[in-house]
Amino acid sequence: QVQLVESGGGLVQAGGSLRLSCAASGRTSGHYNTGWFRQAPGKEREFVACITWRSDAASYTNSVKGRFTISRDDAKDTVYLQMDSLKPEDTAVYYCASDRTAWVTLDYKDWGQGTQVTVSS
């Protein structure tokens with residue numbers, strides 16, 4: 001069974017940076033797309049960024065383009081989300097997810113438990 005564990009969340013001031021990690025275990029192959037999603041209090045879970053298993057393509061929601069960067073280290077089976085120039089509106093629980101075919105939508109098969117990111121103004 002695939003397990004995804006997020007880490008790297010925390011409290012940061014506006015303009016600061018955080019790097020989230022999503023470590024996977026229990027997979028038999030590395031051919032999985034990985035996505036990052038977030039959910040703020042009282043709001044629906046939304047797409048943030050995703051990357052193919054080959055790292056040959058990535059996609060970002062408009063509000064984070066130019067500030068967030070998704071990357072992966074296949075040797076560690078870990079996907080990262082580098083978040084720079086953070087804004088208070090980035091405050092949310094961030095989840096990673098993996099699936100063989102899902103992309104920017106929520107239909108990923110496996111999900112992590114989430115990590116809290118809080119950006120103070």
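A pocket, as the word is used here, is an open set of grid points with protein on both sides within 12 Å along at least five of seven lines, and its lining residues are those with an atom within 4 Å of a point. In this predicted model, the largest pocket has a volume of about 180 Å³. The briefing below takes up that pocket, then the cysteines, and then the salt bridges.

**The largest pocket**
- The lining of the largest pocket is made up of Arg38, Gln39, Ala40, Lys43, Glu44, Glu46, Ser63, Arg67, Lys87, Glu89, Asp90 and Ala92.
- Sorted by class, this lining has eight charged residues, together with two polar and two nonpolar ones.
- Among the lining residues are Arg38, Glu46, Arg67 and Asp90, and these four are linked in a network of salt bridges.

**Cysteines**
- The count comes to one disulfide, which joins Cys22 to Cys96 with an S to S distance of 2.1 Å.

**Salt bridges**
- Side chains of opposite charge can pair when their charged atoms come close.
- The structure holds five salt bridges, and one of them is formed by Asp90 with Arg67, whose closest N and O atoms are 2.8 Å apart.
- This pair links distant parts of the chain, since Asp90 sits in the loop between strand 8 (78-83) and strand 9, while Arg67 sits in the loop between strand 6 (58-60) and strand 7 (68-73), 23 residues apart.
- Asp90 and Arg67 are both buried.
- Asp74 forms a salt bridge with Arg72, the closest N and O atoms being 3.2 Å apart; Asp74 is exposed, with a relative accessible area of 51%, whereas Arg72 is buried, at 13%.
- Lys109 and Asp110 also form a salt bridge, with their closest N and O atoms 3.7 Å apart; here Lys109 counts as exposed at 64% relative accessibility, while Asp110 is buried, with a relative accessible area of 11%.

Methods:
Residues are numbered from 1 along each chain as its sequence is written. This is a predicted model: local features need pLDDT of at least 70, side-chain atom pairs count only at pLDDT 80 or more; totals for chains, interfaces and linings use all residues. Side-chain values use heavy atoms; hydrogens and water are left out. On a 1 Å grid over the protein atoms alone, a cavity is a set of points where a 1.4 Å probe fits but cannot get out, and a pocket is an open set with protein on both sides within 12 Å along at least five of seven lines; lining residues have an atom within 4 Å of a point. Grid points are joined across faces, edges and corners, and a volume is the space filled by probe spheres set on the points. Ala, Val, Leu, Ile, Met, Phe, Trp, Tyr, Cys and Pro count as nonpolar, Asp, Glu, Lys and Arg as charged, and the others, Gly among them, as polar. A disulfide is a pair of cysteine sulfur atoms within 2.5 Å. A salt bridge is a side-chain nitrogen of Lys or Arg within 4 Å of a carboxyl oxygen of Asp or Glu. Helices (H or I, at least four residues) and strands (E, at least two) are DSSP runs, numbered from the N terminus. Buried means under 20% relative accessible area, exposed over 50%, partly exposed in between (1.4 Å probe, protein chains only).
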